[in-house]
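Subject: Structure for your files

Hello,

I am passing on the structure we spoke about. My notes on it follow below the entry.

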Amino acid sequence: MAVSAATERRPRNTIALAATLTLIGIALSASGNASVGAWVTLVGLVMVIYGLHRFGRTGADEPLPFAPRKQKKKKKRRSAEEEE
């Protein structure tokens, strides 16, 4: 199942916006506006969770085409009788 670029773009933008909001909230908390910063941080973290959920629901990427691997040859073990 292929995922179009437009379908994948919205969750990525949500995650980027949420991370920015979270950092702004932390900066506001550190600068003295603790109550406002706490709410902005909380909204940012909830949006990060939502964005990650939506990103996970977009589905798996198509498998990468790899060349078939050659089978390794197994070495024969010498038995104790052959070593003597």
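Arg-57 is exposed in this predicted model, because its relative accessible area of 60% is over the 50% needed for that label. The residue belongs to helix 2.

A second pair of positions brings in helix 1, which covers residues 5–31. Arg-12 sits in helix 1 and is partly exposed, with a relative accessible area of 46%. From Arg-12 to Gly-51 the C-alpha distance is 7.1 Å, and the two are 39 residues apart in sequence.

Gly-51 turns up again in the surroundings of Thr-14. Thr-14 is also a residue of helix 1, but it counts as buried, at 17% relative accessibility. Once neighbours within four places in sequence are left aside, Thr-14 is in contact with Met-47, Tyr-50 and Gly-51.

On helix 2 itself: the element spans residues 34–57. It has 24 residues and reaches 34 Å from its first C-alpha to its last, close to the 34 Å expected at 1.5 Å a residue. Which of its residues are buried? They include Gly-37, Val-40, Thr-41, Gly-44 and Gly-51. An α-helix has 3.6 residues a turn, so residues three or four places apart point the same way.

Together with Leu-42 and Val-46, Trp-39 forms a nonpolar patch on the surface, and the accessible area of the three together is about 350 Å².

Next, the end of helix 2. Thr-58 is in the loop between helix 2 and helix 3, the latter being residues 80–83. Is Thr-58 buried or exposed? Thr-58 is buried, because its relative accessible area of 12% falls under the 20% limit. A polar atom of the Thr-58 side chain lies 2.6 Å from the backbone oxygen of Phe-55. Helix 2 is followed by Gly-59, which has a positive phi, near 105°.

Last, the chain as a whole. The protein chain has three helices and zero strands, and from the N terminus on its elements run α-α-α. Of the 84 residues in the protein chain, 14% are buried. The accessible surface of the protein chain comes to about 7900 Å², and carbon and sulfur atoms account for 60% of that. Among contacts in the protein chain with a separation of 6 or more, 60% are between residues 24 or more positions apart.

If you open the model, the places I would turn to are the Thr-14 contacts with Met-47, Tyr-50 and Gly-51, and the patch of Trp-39, Leu-42 and Val-46.

Regards

Key:
Residues numbered from 1 in each chain as written. Predicted model: local features only at pLDDT ≥ 70, side-chain atom pairs only at ≥ 80, totals over all residues. Heavy atoms only, no water. Patch = residues over 30% accessible without salt bridge, like charges linked within 9 Å, V, L, I, M, F, W, Y side chains within 5 Å. Areas by Shrake-Rupley, 256 points an atom, 1.4 Å probe, with all protein chains shown as cover. Salt bridge = Lys/Arg side-chain N within 4 Å of Asp/Glu carboxyl O. Helix = DSSP H or I, 4+ residues; strand = E, 2+ residues; numbered from the N terminus. Buried < 20%, exposed > 50% of the residue type's maximum accessible area, 1.4 Å probe, protein only. Polar contact = N/O pair within 3.5 Å; in protein donor to acceptor, adjacent residues only side chain to side chain. Expected span 1.5 Å × (residues − 1). Contact = heavy atoms within 4.5 Å.
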